[in-house]
Every structure is written in C-alpha cells, then in structure tokens.
Amino acid sequence: MEILVYGTINSVSLALMGLGFAMVYGISRVPNFAHGALYIICGFVTWTLFQIVGLSYFVAIILSLCVNGILGMSMYRFVLIRVRGMSISEIIASYAIGLVILEGLRFGGFRGMTYTLPVFMEGSLMIGGVPVDYHRVVMTIIGVALVAGLWVFTHYTRIGLALQGMAQDERAAMMLGIDSDFMAMVAMGFGAVLAGVAAILILPLGNIVVESGYHVLIMSIAVCIVGGLGSWMGAFFAAFIIGYAQILTVVYIGSHFQMVVAILAIILTLILKPSGLFGQQKELEERV
Amino acid sequence: MLEAKDLMVFYENMLALNNISIKCDDNQIVGVFGANSAGKSTLMYALSGIMLDIQKKEDMAGGERITLTGDVLLQNRSIMDMKPSLRAKAGIILCPERRRLFKESSVLENLRIGGYLATRAEAKQTMEYVMEVFPALIKLKKRLGGFLSGGEQQMVAIGRALMAQPKILLLDEPLLGLSPFMQSTLIRGIKVIQEERNISVIISEQYARPVFPIVDYAYILENGAAVMEGTREELMDNPDVKAAYFGVS
C-alpha cells in the first residue's frame, strides 16, 4: 500500500518535472536544457516575493509564474532563435543559459538550507493506512488535472491545435499561416510556466537548493526519453514507470540507488527501443 | 492577382528556376506542367514563401546557399520579403506536394488546425463546405491522418487549405499517385471549389491530361524555364504539347 501511494505521488511529481521539457521539445524540437534552471529560479522568485517583498503567497506564486513565462519566451526570442534547427548548438546554448542561472543564483548567495516555501495545507490524512500529508495530495490532484488540462488545450483550442500542427510538420503548419517562431516562443513560455508550476508544487516538500536544478533536468530528460521524445502523453506514462521503479528501489534496495533508476531507464530505453515507448511518429515513418 | 516576374532560384550554382514570369488573375485556374525536376515545386515554394524558410534553415545549418532574384507580386504589391505565415494571411495558401497531413491528428483536427487563420464563424462554415464538396470525409472524421488512403489524404489536404480562407490556392501535384477515378473526383472538386468560393487556383502537375479540362491558362516548364504558355485552346492545338504532355502523336 505504501508503495502504491508513494509510487503514485512520486510519479506525478516526475511527470510535473518532465511535462514542460516534453512540451517544448515536442513543439519546437528545442531540447531545453535550461529546464532545471527555470524550475529553480521560479522557486527562488516565489521565495523572494513572499519572504522579502512580503506579498501574499498566492500573489507571489502567480507573479513568479508570469516571470518564468516571460523568461522562457525571451530565452527563445533572443538566444535560441539564432541557433534553431542545429540541435547541438541548441543544447549548448540552452545548457549555458541554465548554467548561468543556476551558478548565478549560487554566486548571488542563494545557497545553504534556509530557503523553504510553505506548504499549501498543513496536516495529513490516511489513505489505506498510509499517512499522507495534504500537500502531497493536492500536488497529485493538480498534477493530474494539469495533464488533463493540457490534453484539452492541445485538442480543442486554436493555439493548442496550432502547436500540435507545428509539432508534427512545421513547414506544413507554416503553409497554413502558423508563424513557427511565434509558436515556438509560446511553447517555450508554456514550458517555463510548467517548470514553475512543478517547482511550486514540489519545492515546499523540501528546501530550495541550486543543485536540485540539475537533478530536475536529468529526471525530465529521463522521463522524456523513456516516453519517446516529443510525446507528452508518453512522458506522462514514463513518469509512472520510473516513479514506481524508484519507490520500489527505495523500499527493496536502498534510497541511494534512486538516481540510478532514472539513468538506467535512459540507457535501457536507448538500447531496446530508441524511439521510446510512445515515439509513434518515428515508427509510423518506418512503416511507410 | 498573383504574379511572378523574372523569378530565378539558385541552389548553390544550380539553376532551379530560370527567369520565370507567370501570372494568375482573379477567379482563374492556372496550370503549371512539367516533368520531374522541371521546377514546379520550387516555383510553388517561391510563391508561398516557404523558400525563404528553406533558405534561412540552410543558411543557419551551413548547407546549400539558395539565392532568389526577381519579384513576386500580390495585387501588384511586392511580397518577395514576406514571411510564409504573412503570405498565408494575405491569402496565399499552399497545399504541398505529398500532402503533408498531420499524421497523428484526426481528419477533424487536421481541418481545425487549418482553420488557424479563420474566425470561428468562417471555420464552422468552411468545415461544412468541405464536407459538402468531399462527402467521403464525413465518415472519416475521427480517423488519423496517417491511416488514410492517398485520395482521402488529398481531400483532407485541400480541405485543410480551404479552412485557411485562401484567396489563391496553390496545389502542388494534387493527383500524384492517385487512381484515375480519384483523379477525376478531385479535379471536379477543385473546379467546384474554385467557382463557388471565387478563388484563384494554381495547380501543378506532371501529366497534363486530367487537369487540362479545367485550366484557363497554362505554362509548361522544362528544366526550370517556362518553354511554352497559352490558353487551354492554344496549347491543345500545339502539336509539340500534344506529343509531350498528352501522349498523342
């Protein structure tokens, strides 16, 4: 029972981490290696607005999500647009931005164990005999709702459909009047906001430390590779596989092997099925 | 309405389009015929602006150097430097070679994505119109684009282009690889669409015979140059054209 409950929670938090990365890659084919940095900076911005400026928690969250969105969009507009289409340069450029943000934060004095965000709700409840605090429950619900919301967004709204079109065939979308640079910028903004949402939901469970930016990046890449790059539904399912695998490892082997699971999942996927679990696009091409 | 003047396109030093001047007036169907590598697709890309995107991508990746000279005019205004998305907004919609449907989206979604530039009312009206012109699509609404036959895909592709509210529709080899029956169905559909929506159509094809009955004016390309042009009647009577493009000697 413990495994089931905490496995689900862990999976949802992994899905939250990976969604933004999957979305940006799926639409603009830009592997956003600054994803972890965007996650952390959202935590610190919220912390600053809440603790230093003294805004209410809710307002601080909304503001910092906006900041994150703008940050993501300007990252594309001013830097990545210049290297678009060259995957190695995209990785180097976005990783460099990530490094600047993370190490800049460290340099600016954001280190140590003193930065925490409050949880949404104190207290806990019992699920099947396992104590779970309210915050984790809220996180799981919001996480699942977010995935559902994203699905509705990409299938029923004008912008969402345009993003989907671009993800599948950029040039065909262009012929229909969809501006690919604008859409990639929107996708980048969305990705950054999703990273921010993940941060705000997950960070209150621990301290905000710069190092976890790298951790988040690795986890989101793992989720995306296992799920099939570019497929965010795949990423969601992969999050569950890795999430449960991690919890099982913690219970039966030892908690310090947790990270190995993610890396192992990447390696195994690349050996056995390089297109990932849901990399349908490639498979379809192979069949044709 | 849409006009190309002395259009030249080079891939590195290879001349893909050589001094092409073509013109399509309001409510006209213009045919562009030519064999493989005659420059039909290059012409379509140059008209729709996709060439600029290809040029930019090649340039960034350090690939082929693509040079465009000449001019493309829409209603006597030069659109040579206009991005593809803006040209689409101005009413030039390309329905590309090999259709390029969104394979993982359903037929309905393909059409909806096509309606990006349309208002809600326009999209709804055009959607109904597409189903009316191509009733075969009604029962395929939920099918994924990748699992349609070639003819069905082409219907969706044309429908998708119509959803973008074109003033001038560019069709690049719409009949490629289709059965004669499907070809005539599509050609009839295209004619109906042109008349009922009051749009202009430029249609490129390798083989002239199926398309010829509906064109008002046609150009024949060879190795990137327009070697012949004329109204349908003029070309019909030309013995060289007959031999080369109708298979009659």
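Predicted model: local features only at pLDDT ≥ 70, side-chain atom pairs only at ≥ 80, totals over all residues.
Two pairs of helices in chain A can be taken in turn. Begin with helix H9, residues 212–227, and helix H11, residues 258–272, which pack at an angle of about 35° with their axes 9 Å apart. The crossing of H9(A) past H11(A) is left-handed. On the H9(A) side the contact is made by His215(A), Ile218(A), Met219(A), Ala222(A), Ile225(A) and Val226(A). H11(A) contributes Met259(A), Ala262(A), Ile263(A), Ala265(A), Ile266(A), Thr269(A) and Leu270(A). Sorted by class, this contact between H9(A) and H11(A) holds 11 nonpolar residues, two polar ones and no charged ones.

The second pair is H2(A) and H4(A). Their axes come within 9 Å and cross at roughly 35°, and this crossing is left-handed. From H2(A), the residues in the contact are Ala37(A), Ile40(A), Ile41(A) and Phe44(A). They meet Gly98(A), Ile101(A), Leu102(A) and Leu105(A) of H4(A). The contact of H2(A) with H4(A) consists of seven nonpolar residues and one polar residue, with no charged residues.

The next topic is the space that the atoms leave empty. Rolling a probe the size of a water molecule over the atoms shows where such space is left. How many cavities of 30 Å³ or more does the count give? The count comes to one. The volume of the largest cavity is about 50 Å³. Its lining is made up of Phe33(A), Ala34(A), Gly36(A), Ala37(A), Tyr95(A), Gly98(A), Leu99(A), Leu102(A), Gly213(A), Tyr214(A) and Leu217(A). Helix H2 (35–53), helix H4 (87–107) and H9 of chain A are the elements that give two or more residues to this lining. H4(A) provides the largest share, four residues. In terms of class, the lining of the largest cavity has eight nonpolar and three polar residues, and no charged residues.

Pockets are open, whereas a cavity is a space from which the probe cannot get out. The second largest pocket has a volume of about 660 Å³. It is lined by 26 residues, and the closest to its centre are Asn10(A), Ser13(A), Arg136(A), Ile202(A) and Gln258(A). Helix H1 (2–28), helix H5 (134–156), H9 and helix H10 (232–252) of chain A each supply at least two residues of the lining. Which helix gives the most to the lining of this pocket? The answer is H1(A), with eight residues. By class, the lining of the second largest pocket has 16 nonpolar, eight polar and two charged residues.

Is Asn68(A) buried or exposed? Asn68(A) counts as buried because its relative accessibility is 0%, and the cut-off for buried is under 20%. Not counting residues up to four places away in sequence, Asn68(A) touches Leu38(A), Ile41(A), Cys42(A), Ala192(A) and Gly196(A). Ser64(A) also has its place in helix H3 of chain A. With a relative accessible area of 0%, Ser64(A) is buried as well. Leaving aside its neighbours within four places in sequence, Ser64(A) is in contact with Cys42(A), Val45(A), Thr46(A), Leu49(A) and Ile200(A).

Glu12(B) lies in the loop between strand E1 (2–11) and strand E2 (14–24). Although Glu12(B) is not a glycine, its phi is positive, at about 50°. Its relative accessibility is 33%, so Glu12(B) counts as partly exposed. Arg98(B) is found in the loop between strand E6 (92–95) and helix H4 (107–114) of chain B. Arg98(B), a residue other than glycine, has a positive phi near 60°. At 60% relative accessibility, Arg98(B) counts as exposed.

Ser37(B) belongs to the loop between strand E3 (29–33) and helix H1 (40–48) of chain B. Ser37(B) is exposed, because its relative accessible area is 68%. Ser37(B) and Glu222(B) are 185 residues apart along the chain, and their C-alpha atoms are separated by 8.4 Å.

Key
Residues numbered from 1 in each chain as written. Chains lettered and ligands numbered in written order. Heavy atoms only, no water. Buried < 20%, exposed > 50% of the residue type's maximum accessible area, 1.4 Å probe, protein only. Contact = heavy atoms within 4.5 Å. Axes fitted to C-alpha atoms, helices over the stretch in contact; angles between N-to-C directions. Left-handed = near helix turned anticlockwise from the far one by under 90°. Nonpolar A, V, L, I, M, F, W, Y, C, P; charged D, E, K, R; others polar. 1 Å grid on protein atoms, 1.4 Å probe; cavity = no way out; pocket = protein on both sides within 12 Å on 5 of 7 lines; lining within 4 Å. Points joined across faces, edges and corners; volume = space filled by probe spheres on them.
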